[in-house]
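Reader: Please take one part of this model and describe it closely, with the cut-offs behind each term.

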Amino acid sequence: MATFTPLAHQKAPTAVLAQIRQAILSGELPAGSQLREAHIAEEMKISRSPVREALSRLEEEGLVEKVPFKGAYVASVSPETIAEIAAIRTLIEPYAVAQALPRLGDADWMQLRKLLKQLDRASGRDLVSAIEKHLTFHRYFYEKSGNATLLALWQDWELKLRLFFIFDHEAFQSAQDVAGVHEELLAVIETGDHDRIRGAFGRHVHFAPGIEVGNPLHDAHLDPGAGRSA
């Protein structure tokens, strides 16, 4: 269970939210942990009101689940949900890349390579940073697609992916695997060949080093648990 830092009263509303969110996203508060208002307020030396407000905000973000008559808990994401997201990403992400490609300049390609270098350095050393760089790489294409609906889809998925990766540390044990696979993917994207890009994402999302889950689009052809989502 996380130990929270006492707060100055005037900083409570935003600081409460930041502390609890960080404890969840760092994995300090595991999935399913109960978040007791009284306990958190006591440790932070504040009233329960800003804690209650923070938990409601985190529920809106999808990080907290409230169970009637039981309380608030750190949200969890099942492998099945991640597999469903992976199946949709296989279809959608190549389109996001295709829309983004005409909008990418030299500075964008430099930024993408920089993200992969940061991912390589962080993997195996700093789980939270590695996950963030990994997700930022994929988010980049949705942001550059110019399609707000596509970006909104990714933002919904990203929260679930982040939670799942954090609570399954095996996903980022190998620095070379995670960074290397993304470098290969970027090389294919740089060709601008849409057929190759679609094929690369079909392999990447389900078989890149990461979470072992099934692929709902091909369960008839794959053994359960054979796919990997990244």
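**A closer look at the aromatic rings**

Author: Tyr 142 and Trp 157 are both buried, where buried means under 20% relative accessible area, exposed over 50% and partly exposed in between (1.4 Å probe, protein chains only). The model is predicted, so local features need pLDDT of at least 70 and side-chain atom pairs count only at pLDDT 80 or more, whereas totals for chains, interfaces and linings use all residues. Residues are numbered from 1 along each chain as its sequence is written, and side-chain values use heavy atoms, leaving out hydrogens and water.

Rings of Phe, Tyr and Trp (its six-membered ring) pair if their centres lie within 6.5 Å, and planes under 30 degrees apart count as stacked, over 60 as edge-to-face and the rest as tilted. By this rule there are 3 aromatic pairs. Tyr 142 and Trp 154 are stacked, because their ring centres are 5.1 Å apart and their planes stand at 25°. This pair links distant parts of the chain, with Tyr 142 in helix 6 (residues 127-144) and Trp 154 in helix 7 (residues 148-167), 12 residues apart; helices are DSSP runs (H or I, at least four residues), numbered from the N terminus. Trp 154 counts as buried, at 0% relative accessibility, and Tyr 142 likewise has 0%.

Tyr 142 also pairs edge-to-face with Trp 157, at 6.4 Å centre to centre and 85° between the planes. Since Tyr 142 lies in helix 6 and Trp 157 in helix 7, this pair ties together parts 15 residues apart in sequence.

Note on methods. Helix = DSSP H or I, 4+ residues; strand = E, 2+ residues; numbered from the N terminus.
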